[in-house]
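Please consider the structure below and the terms used to describe it.

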Amino acid sequence: MGVEIKESRVPDDEFEEMKSFVRDYLAASVESEEDGGRMRWYPWHSAEYRFNHILNVVDIATRIAREEGADLDVVRVAALFHDVAKLEVDQDVHAEAGARIAREYLRNRGEYPDSFIEEVTQSIEDHSYQGDLADVSLESRCLMEADLLDKVGANGAALMLLRMGYEARTHMDAAKMVDRVLERGRDHADRVRSETAESIAHQRLKRVKWFREWLEAEVAEMDPEGVTDR
């Protein structure tokens, strides 16, 4: 499709400053808690994991936005701020809290037009919407698809295996646990709408299937009960 090339409203150096702000904000959110961080014994609730997830989402959302013709600046900035409040507020309000933080940052740290700020904050607010992705703007959809896709594939499998260690499970349960990653990944893949996101989901699910097959082939007496081949 023909996409108009526009000058970026967010230069690379300003985007790097935004990254530093988000990273520091997440770290401060954990440090301010008396118990050392909500559920910090699960690494994916740490500032380090959350920031890495955000960077993953930025990369995926940028790819989708570029292929689908969305406003790249809006998508990149919204993706960067989408989980900035994740470690300091409850899950059901973190999108609204993140939008407020992004709005304040963009108003005070640069000369961004109000229309741009509103598009960014609307996408952040939209990203936790559980309905049909066709109901939101193209920019919001790019962010939401990227957020879903980061939980699909090798990254999701690695986190599930890491969780096994925290739950004192043995590797004999690995095939079942990886199958849960596949099932959740298929659910996420069913929600995406763009051709770009569907292609990414397909490749990521294929990798998880290969990994599960290798486990079953190489680990003696691996129990495949309950494993699906859909």
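**Contacts, helices and their packing**

Residues 24 or more positions apart account for 70% of the contacts in the chain with a separation of 6 or more, a contact being heavy atoms within 4.5 Å. This is a predicted model, in which local features need pLDDT of at least 70 and side-chain atom pairs count only at pLDDT 80 or more, whereas totals for chains, interfaces and linings use all residues. Residues are numbered from 1 along each chain as its sequence is written, and side-chain values use heavy atoms, with hydrogens and water left out.

Q: Why are helix 8 and helix 9 called roughly antiparallel?
A: Helix 8 (residues 174-191) and helix 9 (residues 195-218) pack at an angle of about 165°, with their axes 10 Å apart. Axes are lines fitted to C-alpha atoms, for helices over the stretch in contact, and angles run from 0 to 180 degrees between N-to-C directions. Angles under 35 degrees count as roughly parallel, over 145 as roughly antiparallel, 65 to 115 as roughly perpendicular and the rest as oblique. Helix 8 and helix 9 are therefore roughly antiparallel.

Q: Which residues make the contact of helix 8 with helix 9, and how do they divide by class?
A: Among them are Val178, Leu182 and Arg186 of helix 8, and Leu205, Phe211 and Arg212 of helix 9. By class, this contact has 11 nonpolar, one polar and five charged residues. Ala, Val, Leu, Ile, Met, Phe, Trp, Tyr, Cys and Pro count as nonpolar, Asp, Glu, Lys and Arg as charged, and the others, Gly among them, as polar.

Q: What makes helix 2 and helix 3 roughly antiparallel?
A: The axes of helix 2 and helix 3 (residues 72-81) come within 8 Å and cross at roughly 165°. That angle makes helix 2 roughly antiparallel to helix 3. Their contact divides into nine nonpolar, one polar and two charged residues.

Key. Helices (H or I, at least four residues) and strands (E, at least two) are DSSP runs, numbered from the N terminus.
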